[in-house]
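Subject: Structure handover

Hello,

Here is the structure for you to look through. My notes on what turned up follow below it.

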Amino acid sequence: MNSELVEELVRRAQQGDVPAFERLIEAHIPLVRRFARAFARTHEAAGDLAQDALIKVYRSIGGYRFQSSFSTWLYAIVRNVYLDDARSRAGRDRAAERPLEPGRVDADPTADPDALRADHRLEREQTRRRVWAALAAVPEDFRATLVLFDIEGLTYEEIAAIENAPLGTVKSRLSRGREHLRRLLAGEDPLEERPAAEDDPGNRETLRFVRRKRTEPA
Amino acid sequence: LSADDHTPPANKLPSSPDDVRGVLRELRDDPLANEREFTAQLHRRLVAAGAPPSASWLGRLADAARELWHDLRGDRAQKRSLVTGALVGALVTAVVFSWLSASRPTREAVREAASDEQTVGVAEPPRPVLRPDRKSHTAGDRRLTRDRMGVDIGAERPERARPRPR
């Protein structure tokens, strides 16, 4: 969709033209829905959340001033809606649901264990559900960055514009988010401090330096 | 399901951040269920949401007025009486303020006319036109306590009348 068409559709949407708005967001709906999946427990809840976000985009379109690309502006609003929802829901969820134990992630309760064992396709589906569930346990800021970069394939610059954060922050969130998710999937406690690995060359140098300093006479 | 059933098999465990990236990339192919239903429901909600509000304050004001008008056209007697009361109150307040501000100059004009009538025929005493001998005599508002010869004249000396510009 070229920029002239986007501008025309935005102008019409600002006047309350719903079909123009729908055409405008058509290409972004899959991303918005997958993004919502990382912030909701079920497919239905994710659908509702994605719709809430798109309604918010529609209500806010009067404020779009063409200063950034429409997709960046849209994803920024969607991200804020998801983060707000996650933060407002966080306390209630913590009180209502059992915490995610280290070493396991939530599986879909509707899944049939016999079918999962029998069918390879279903097994793969279950693995995906595990990953989604583990992703839902990653802190919100890291989670949003992980989804936008690793799942949706956006660039660092695009994510920095969406999150209104420096590039370094985006990279840091990405790195910490991946590590958090890796630990969750591996059954480790993601909040536990990891000892420095001696097999890492950088760490080996640091450890050698620290030991030398300790043994040196003052 | 036991706790072990929730953990991915050992050969699928991501051991590094790059593995995590690979696992996440696979989620992109996740099918989105009920696409048509989602679109239809979104359409209904968008139509129900009405036109998006304008970003400028003038536009918002116009939107609010339009919304109010729609409310008033509907069968909402309670809100209608409330709005009518607010409008009548604002009108009365405006009238009272405009009457007060309009009557003030009239009262002052009447008072001035009365004082003019009292002084008709009485000559105004001539005002002394004085020039300062020295600049120090009129410098600032500080009262002089000594005269030109340096004799103490006290702080209670009355101020000189200043010449009025013609």
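R182(A) and E179(A) form a salt bridge through their side chains, 3.1 Å from N to O. (A salt bridge is a side-chain nitrogen of Lys or Arg within 4 Å of a carboxyl oxygen of Asp or Glu.) The two sit 3 residues apart in helix α10 (residues 167–186) of chain A, so about one helical turn separates them. Both R182(A) and E179(A) are buried. (Buried means under 20% relative accessible area, exposed over 50%, and partly exposed in between, with a 1.4 Å probe and protein chains only.)

Some ground rules. This is a predicted model, where local features need pLDDT of at least 70 and side-chain atom pairs count only at pLDDT 80 or more, while totals for chains, interfaces and linings use all residues. Residues are numbered from 1 along each chain as its sequence is written, chains are lettered from A and ligands numbered from 1 in the order in which they are written, and side-chain values use heavy atoms, without hydrogens and water.

Other salt bridges
The structure holds 12 salt bridges over all chains. R12(A) pairs with D17(A), with the closest N and O atoms 3.1 Å apart. R12(A) is partly exposed at 34% relative accessible area, and D17(A) is partly exposed at 23%. A network of salt bridges links R79(A), R87(A), D141(A), E163(A) and R173(A).

Chain A
Chain A has 11 helices and 0 strands. (Both are DSSP runs numbered from the N terminus: helices are H or I, at least four residues, and strands are E, at least two.) Of its 218 residues, 44% count as buried.

V78(A) lies in helix α5 (residues 70–96) of chain A and has a relative accessible area of 0%. Leaving aside neighbours within four places in sequence, V78(A) is in contact with V32(A), F35(A), A53(A) and V57(A). (Contact means heavy atoms within 4.5 Å.) T145(A) is in helix α8 (residues 140–151) of chain A, and its relative accessible area is also 0%. With the neighbours within four places again set aside, the contacts of T145(A) include D150(A), E163(A) and R173(A).

Where the chains meet
How many residues of chain B are in contact with chain A? There are 41, and they touch 52 residues of chain A. Chain B and chain A bury about 4300 Å² between them, 60% of it on carbon and sulfur atoms. (Buried area is the accessible area, with a 1.4 Å probe, that two parts lose on being put together, summed over both.)

The rule finds 2 salt bridges across this interface. D52(A) meets R45(B) at 2.7 Å, N to O. R21(B) meets D150(A) at 3.4 Å, N to O. R21(B) lies in helix α2 of chain B and D150(A) in helix α8 of chain A, so the pair joins two chains. R21(B) is partly exposed at 28%, whereas D150(A) is buried at 3%.

Surface of chain B
V88(B), V92(B), V96(B), W99(B) and L100(B) form a nonpolar surface patch, with about 480 Å² of accessible area together. (Patches are made of residues with over 30% relative accessible area and no salt bridge; like charges are joined within 9 Å, nonpolar side chains (Val, Leu, Ile, Met, Phe, Trp, Tyr) within 5 Å. Accessible areas come from the Shrake-Rupley method with a 1.4 Å probe; for residues, only the protein chains shown count as cover.) V96(B) is in helix α5 (residues 77–118) of chain B. At 41% relative accessibility, V96(B) is partly exposed.

Best wishes
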